[in-house]
Amino acid sequence: MHVQESTVQPHINKQLLPPGSMGLPLLGESLELFFDKDFIEKRRTKYGSIFKTHILGHPTVCMVGPEAVRFVLSSHMDHFAWGSGWPASFEKILGHSLIFQDGEEHRRNRQLLMPAFQSKALAGYFDTMQATVSKYLAMWEQQRELTWYTAFKQATFDIGSQILLGANPGEEVAYLSHLSEVMTQGMYAPPWGKHLPTPFGRAIKARRKILAHVRKVVQKRQQQPTNDALSMLIGAKDEEGNSLTFEELTTQALLLLFASHETMTAMLTCACRELTLHPDVLQRARDEQLRLAAQGPITFEQLKAMPYLDQIMREVERLRAPGIGGFRGVVKPFEFNGYTVPAGWRVLYSTYGTHRTESVYPDPERFDPDRFSPERAEHKQQAFSLVGFGGGPRICMGFGFAQMEMKLLLAHLLRSYQWDLLPHQNLDVVLFPALKPKDGLKVYFRRWYPERKHDQALAETTPAADALPTTEHAQVQRCPYSGAVIS
Ligand code: HEM
């Protein structure tokens with residue numbers, strides 16, 4: 001009996017779909033995926049590293065764990081297409097840009113976009129980033145009460161639109177930020193009413209307005225290049241000496257802005273959440289910054305020499321990756337772990353689940369930046385176990401840009417500022433509509449003076465209750481965590 005089974009098994013398995021449930025008619029398991037944090041873990045425990053489901057109107061297989069992710073992102077990537085992995089509304093709003101392209105078209109365009117993300121180009125963006133970060137720090141200091149998610153969203157959009165779309169700070173950035181918000185809302189709406197005031201129709205209109213802006217800037221940069229990303233893209237040439245066309249340039253620039261700003265907002269907010277909840281980590285991160293501050297102000301070079309901050313960022317990437325994973329269309333049938341998946345299905349590789357693989361990351365829900373210390377380097381045990389920025393030939397193109405901007409912001413915060421949680425907020429991290437602490441992380445923000453005692457600094461930077469105007473006096477509250485006055 002046993003011999004018989006092993007001889008027929010390979011034949012049977014070739015026809016076998018992975019186990020799993022297709023959920024409700026039409027809806028499938030879409031709601032569970034977005035609202036149940038344990039969606040992947042529950043099914044992985046039951047079925048293993050590949051299982052079938054039905055998500056966003058498509059039969060889909062989820063693949064989870066470093067081996068499965070390597071299969072999708074690297075060793076068998078020719079079985080998968082990016083273009084057919086996204087909901088239709090995304091391409092209609094974002095245009096036929098890099099993330100919807102495959103094969104030769106993708107290879108050529110990635111090569112043309114690449115110079116805008118190499119070290120030399122990044123060094124050229126440093127001053128704009130630094131000036132904008134300083135502007136926001138001063139503003140936040142005045143403001144005193146912040147919701148980190150909203151604050152980082154504004155700051156990252158401001159930086160991104162200046163560097164990637166050539167916007168002027170101030171009114172122009174505010175105008176584009178509003179349009180971008182409308183555009184993003186439309187992406188998750190049904191693709192109905194292109195010419196009507198539906199969310200989708202409004203998004204299409206906003207896209208046209210942003211493109212009109214980018215076209216004007218491209219024309220200016222063609223006459224007079226600067227050191228922003230648009231100028232880099234205009235100057236880029238492929239092997240045959242061809243450049244991106246005018247239309248390609250504007251479409252790709254729009255994608256870059258979209259790809260950059262929600263992801264960084266999520267990661268920065270989560271980084272601040274974890275630093276707040278882990279004072280020992282915060283202290284070590286501050287110590288590192290203070291040692292570096294003794295050598296001078298933050299420079300492009302100095303950002304590369306912050307090993308403990310790098311460990312923190314990796315742990316935030318692992319535990320709080322902004323994307324739950326990546327969708328692909330299956331263009332050639334494939335076999336994995338003895339199961340067969342036909343062409344026409346979709347695949348979702350799970351970042352969320354892979355980052356919680358216990359054999360790689362023991363006690364995976366624990367925030368522990370030392371996992372990434374040189375001694376432990378848990379992610380090095382198995383390739384594709386840390387994929388918050390994707391992996392393989394299509395790894396995130398903006399990795400260096402994102403690291404530079406996030407580290408710059410955090411390094412300033414660690415050197416010179418303090419933030420305390422405001423009461424009455426929910427700190428649980430939700431995945432939908434964006435990954436963030438539920439209420440966005442509300443804090444009381446102020447300057448921090450490392451060389452003075454905490455209490456002294458507090459007394460100097462926050463108004464004493466009796467110094468407040470009498471009308472406010474009655475309403476004075478103190479932050480339960482720090483004792484700071486909250487007006
Ligand atoms: C915290 C910040 C960021 C995170 C977590 C992130 C994450 C990712 C991930 C996971 C992918 C691969 C998706 C997949 O495999 O399905 C990706 C691709 C990409 N990212 Fe990022 N990203 C970030 C910032 C940026 C920035 C700042 C830019 C550009 C300014 C950018 C541009 C891109 C582009 C163009 C691709 C597509 C690459 C290709 O198809 O060849 N990203 N990103």
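# A walk through a predicted chain

Strand E1 (residues 50–55) and strand E2 run antiparallel and are joined by six bridges. Two strands count as paired if DSSP finds at least two bridges between them. The model is predicted: local features need pLDDT of at least 70 and side-chain atom pairs count only at pLDDT 80 or more, while totals for chains, interfaces and linings use all residues. Residues are numbered from 1 along each chain as its sequence is written.

Leu56 is partly exposed, with 16 other C-beta atoms within 10 Å. The scale behind that word is a count of other C-beta atoms within 10 Å of a residue's own, with C-beta atoms placed from the backbone: 20 or more is buried, 12 or fewer is exposed, and anything in between is partly exposed.

Strand E2 covers residues 58–64, and five of its seven residues are buried. E2 also pairs with strand E8 (residues 346–350), in the parallel sense and over five bridges. In general, strands of a sheet pair through backbone hydrogen bonds, either parallel or antiparallel.

Helix H3 (residues 39–47) belongs to this part of the chain. Which residues of H3 are buried? They are Phe39, Ile40, Arg43 and Arg44. Seen down the axis of H3, these buried residues fall within an arc of 115 degrees, so they line one face of the helix. The arc is taken from the directions that lead from the helix axis to the C-beta atoms. The face turned away from the buried side of H3 carries the exposed residues Lys42, Thr45 and Lys46. The buried residues pack against E1, E2, E8, helix H2 (30–35) and helix H16 (351–354). Such packing is judged by contacts, and two residues are in contact if their C-beta atoms, placed from the backbone, lie within 7 Å. Just after H3, Gly48 takes a positive phi of about 105 degrees.

A second sheet to look at is an open one of three strands, in the order E4-E12-E9, with antiparallel pairing. Strand E4 (145–147) and strand E9 (417–421) stand at the edges with a single partner strand each, so one side of each has no neighbour in the sheet. On average, neighbouring strands of this sheet are turned by 40 degrees against each other, direction ignored. E9 pairs with strand E12 (residues 442–447) in the antiparallel sense over five bridges, and Trp419 has Phe445 of E12 as its bridge partner. Helix H7 (residues 119–143) packs on the sheet and touches E4 and E12, its direction making about 110 degrees with that of E12. Helix H8 (residues 148–165) also lies across E4 and E12, running at about 75 degrees to E4. For these angles, axes are lines fitted to C-alpha atoms, for helices over the stretch in contact, and angles run from 0 to 180 degrees between N-to-C directions.

The ligand has 22 residues around it, of which Ser260, Gly326, Gly390, Cys396 and Gly398 come nearest. A residue is near a molecule if its C-beta atom, placed from the backbone, lies within 6 Å of it. Helix H12 (246–277) and helix H17 (399–416) each supply at least two residues of the shell around the ligand. H12 gives the most, with six residues. By class, the shell has 13 nonpolar, seven polar and two charged residues. Ala, Val, Leu, Ile, Met, Phe, Trp, Tyr, Cys and Pro count as nonpolar, Asp, Glu, Lys and Arg as charged, and the others, Gly among them, as polar.

Pro433 sits in the loop between strand E10 (429–430) and strand E11 (436–437), and the peptide bond from Phe432 to Pro433 is cis, with omega near 5 degrees.

Over the whole chain there are 19 helices and 14 strands, and buried residues make up 41% of its 487 residues.

Terms used
Helices (H or I, at least four residues) and strands (E, at least two) are DSSP runs, numbered from the N terminus.
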